[in-house]
Amino acid sequence: MAAEEIRVRGTVQGVGFRPTVYRLAKACGLRGDVCNDGQGVLIRVSGSEEAITEFVAKLQIECPPLAKINQLTRIIYKGEFKFDNFVISTSVNNAIKTEITPDAATCPQCQQEIFDPFSRFYRYPFTNCTNCGPRLSIIRAIPYDRSNTSMSAFVMCSECAKEYHNVENRRFHAQPVACHACGPSAWLERADKKSVTASMFSMLDDVDAVCTLLQKGEIVAIKGLGGIHLACDATQETAVQKLRQRKKRYHKPFALMARDIEVIEQYCSVNAKEKELLTSSAAPIVLLQATGKKVVAPSIASGQNTFGFMLPYTPLHHLILRRMNRPIVLTSGNFADEPQCIDNDEAREKLGTIADYFLFHNREIINRVDDSVVRVIGDKAQIIRRARGYAPAPISLPPGFDNLPQILAMGSELKNTFCLLRERKAILSQHLGDLENVMAFNAYQETLNLYLNLFEHKPEVIAIDKHPEYLSSKLGKELADTNQIKIHQIQHHHAHIAACMVENGIPLDAPPVLGIAFDGLGYGDDGTLWGGEFILADYRKFQRLATFKPVAMIGGEQAIYQPWRNTYAQLIAANLWDDCQQQYADLEIVKFLKHKPLELLNQLIEKRINSFPASSVGRLFDAVAAAIGIYRDECSYEGQAAIAMEAIVDVSSLNNDKETLIYPFKFSFSDRIYYIDPRPMWQALLHDLQQQIPQPVMAAKFHKGLANAIVEMVKYLSQENLISQVALTGGVFQNCILLDQVTKGLQTLGIKVLTHSLVPANDGGLSLGQAVITAAQFIHES
């Protein structure tokens with residue numbers, strides 16, 4: 001008889017892995033035990049060599065739905081073997097090397113039970129099993145046992161305990177298992193503190209009453225899985241406008257939730273990949289193309305042709321929407337830019353002026369986790385915001401990243417995430433928001449401390465962005481100074497490119513790729529602001545080969561929210577303002593700009609007073625949008641004008657190959673770097689404005705012209721550099737049209753195109769890039 005110790009690492013705790021091991025071991029006639037510990041799952045088995053081999057093969061084939069085996073090792077067991085059967089042993093606490101499973105949407109079996117009057121889980125809002133339910137949102141420590149979660153406050157009743165201990169039951173060792181008799185409960189409150197009961201609405205219970213309140217046009221704050229949301233009927237414009245005014249979120253699109261796919265298809269087209277995402281265990285918000293067959297309230301997503309839809313992902317949401325035949329708004333419970341509320345008392349205080357009613361429950365949310373956002377481009381999912389359902393599932397590093405120190409990467413200022421790196425794994429935090437908001441920055445620090453404790457991570461190196469004013473960088477320097485550890489400053493766009501390389505499996509010692517990194521801005525190595533970069537890069541180093549002609553961001557951050565500033569700066573940089581006043585004086589954009597304090601603006605540009613030049617493609621989009629009359633004066637969030645311009649693009653012009661339907665750009669070479677100059681584009685655009693060419697056609701000509709310029713620049717650079725792979729990264733490449741046009745153009749050149757799918761192209765993926773660049777530099781130095 002043989003005896004082996006089998007170590008399994010990966011996502012193997014809290015996902016029904018041990019019961020699967022038990023079932024397969026029994027089926028193979030093996031003796032021994034299985035337990036959770038800090039490194040994952042440890043299995044000790046005794047039996048014939050053939051039976052053990054069969055067991056290992058079946059284990060990898062029949063892995064539970066939420067589990068993921070990253071590594072399985074087998075060694076001969078030399079200890080005393082005292083087992084005469086196969087058993088599941090209690091968890092062992094030791095060094096933390098295992099993974100935490102993301103929160104998972106309600107599985108079909110649990111959905112069926114909550115609507116089955118003969119089930120003991122009928123209408124129970126917190127029904128779950130090993131295949132679904134809360135994970136990251138409730139965990140305090142590893143191992144993932146009930147005592148280490150917020151479910152420790154609830155003692156299992158005899159029925160739940162029976163299922164919990166029955167290895168044949170799908171709730172075996174499901175840590176959050178509970179029922180009406182012993183688990184968390186939900187209740188309804190009025191914001192004005194007057195008493196309320198479901199019977200007042202002739203409803204089944206308080207959860208069912210929420211549906212009636214939403215149908216009546218009320219705003220309800222709903223405590224869910226990873227935070228509190230604000231909800232209203234998405235088809236009632238009065239309710240939606242009321243929510244916008246109270247929440248102070250005046251234009252940014254609202255996320256929608258619908259009961260099922262059939263409801264969503266009344267408003268949007270849903271292809272096979274989008275349906276797969278909507279119904280997955282991650283259950284993200286998926287951006288879908290509006291069809292116009294049925295319409296939601298006009299202010300749901302003003303200026304856009306897509307809606308962000310998700311399906312119910314907890315029993316609570318399924319129960320609320322049971323009778324709802326139309327979508328609801330489900331947006332984060334906060335004022336604009338603040339972190340989402342997670343605590344009942346906090347919500348009463350902060351959301352009392354927004355919500356009319358509260359649906360609370362008494363299960364504590366330990367980790368704030370926003371909803372993830374995904375978009376399908378071609379046949380590939382592109383994550384825009386990585387949070388619930390995806391975080392903190394680890395990302396495996398490519399070949400070559402061995403013998404690493406523990407690294408902490410602090411991320412960016414906007415759309416922040418941080419990253420813990422060790423043992424060829426990168427643990428990327430959930431989306432944490434914009435750190436310029438003081439409460440978001442405080443929440444960032446709290447989440448960072450929680451992760452460091454949760455994973456017993458003791459950084460030996462800290463990676464930060466080079467921008468001296470980023471709060472994440474300042475905090476990273478403080479941590480490095482306090483703990484006397486090394487700090488690495490990583491260039492913003494190099495980090496973007498490295499993140500894209502990692503998720504595409506590019507090995508450490510692979511030849512450099514050409515990274516095209518377009519965004520709002522990032523701090524450059526020369527002390528200027530970059531944002532339209534062609535960079536030859538590997539993980540250790542990079543060389544800037546080309547960029548866009550720098551143009552002043554007049555007023556600094558004001559240029560993000562007042563697109564006309566970028567239009568004027570572009571016209572000045574192109575030496576076209578005099579022509580505008582002489583040849584194009586009757587254009588709306590010229591008349592608009594003439595009413596601005598141009599002498600003052602010129603002084604700001606000349607003296608570089610809060611108006612530093614930037615090669616930002618993001619600001620170029622804003623400038624063009626403002627010129628053709630889209631959100632010219634004000635935007636309430638970054639990229640609003642650019643997104644609206646993408647939404648109106650004329651498809652027939654886009655698909656027409658005539659050169660007259662492409663705005664031209666020109667190239668120049670100076671100081672050992674190529675520049676893309678948009679001056680000819682502006683000349684052509686001004687002419688089109690004078691000819692009153694429709695906005696959608698001009699938007700298409702700009703997108704095609706920019707894509708064409710990018711592909712042509714790659715041709716130029718390929719003549720001087722060996723380029724076989726191009727990585728497209730940065731927030732600008734969340735634009736579907738630009739990404740598609742550039743990808744097709746590069747593929748015709750025989751170039752392999754790398755894009756994002758596991759982490760966002762925007763700054764949400766930056767910390768991953770920071771971490772791997774630091775790791776590569778460490779390996780090189782050692």
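The lining of the second largest pocket divides into 15 nonpolar, eight polar and six charged residues; here Ala, Val, Leu, Ile, Met, Phe, Trp, Tyr, Cys and Pro count as nonpolar, Asp, Glu, Lys and Arg as charged, and the others, Gly among them, as polar. The model is a predicted one, in which local features need pLDDT of at least 70 and side-chain atom pairs count only at pLDDT 80 or more, while totals for chains, interfaces and linings use all residues. Residues are numbered from 1 along each chain as its sequence is written, and side-chain values use heavy atoms, with hydrogens and water left out.

Rolling a probe the size of a water molecule over the atoms shows where empty space is left. On a 1 Å grid over the protein atoms alone, a pocket is an open set of points with protein on both sides within 12 Å along at least five of seven lines, a cavity is a set of points where a 1.4 Å probe fits but cannot get out, and lining residues have an atom within 4 Å of a point. Grid points are joined across faces, edges and corners, and a volume is the space filled by probe spheres set on the points. The second largest pocket has a volume of about 710 Å³. Among its 29 lining residues, Pro102, Ala282, Gly389, Tyr390 and Ala393 lie nearest its centre. Helix α8 gives the largest share of this lining, three residues; helices and strands are DSSP runs numbered from the N terminus (helices H or I, at least four residues; strands E, at least two).

The structure also holds four cavities of 30 Å³ or more. The largest cavity contains about 130 Å³ of space, and its lining comprises eight nonpolar, seven polar and two charged residues. The second largest cavity contains about 100 Å³. Of the 14 residues that line the second largest cavity, Val551, Gln570, Ala614, Ser616 and Leu620 lie nearest its centre. Two or more residues of this lining come from each of β25 (551-552), α15 (564-573) and α19, and α19 provides the largest share, three residues.

Is Ser616 buried or exposed? Ser616 counts as buried because its relative accessible area is 7%, where buried means under 20%, exposed over 50% and partly exposed in between (1.4 Å probe, protein chains only). Beyond its neighbours within four places in sequence, Ser616 is in contact (heavy atoms within 4.5 Å) with Asp519, Gly520, Gly531 and Gly532. Gly531 is 85 residues away from Ser616 in sequence, yet their C-alpha atoms are 3.8 Å apart. A polar atom of the Ser616 side chain lies 3.2 Å from the backbone oxygen of Asp519, and the side chain also reaches the backbone nitrogen of Gly618 at 3.3 Å.

The whole chain may now be considered. The protein chain has 25 helices and 30 strands. Its radius of gyration is 28 Å, close to the 28 Å that the globule rule gives for 782 residues, so the chain is as compact as a globular protein of that length; the radius is taken over C-alpha atoms, and the rule is 2.2 Å times the number of residues to the power 0.38. Buried residues make up 61% of the 782 residues.

Note on methods:
Polar contact = N/O pair within 3.5 Å; in protein donor to acceptor, adjacent residues only side chain to side chain.
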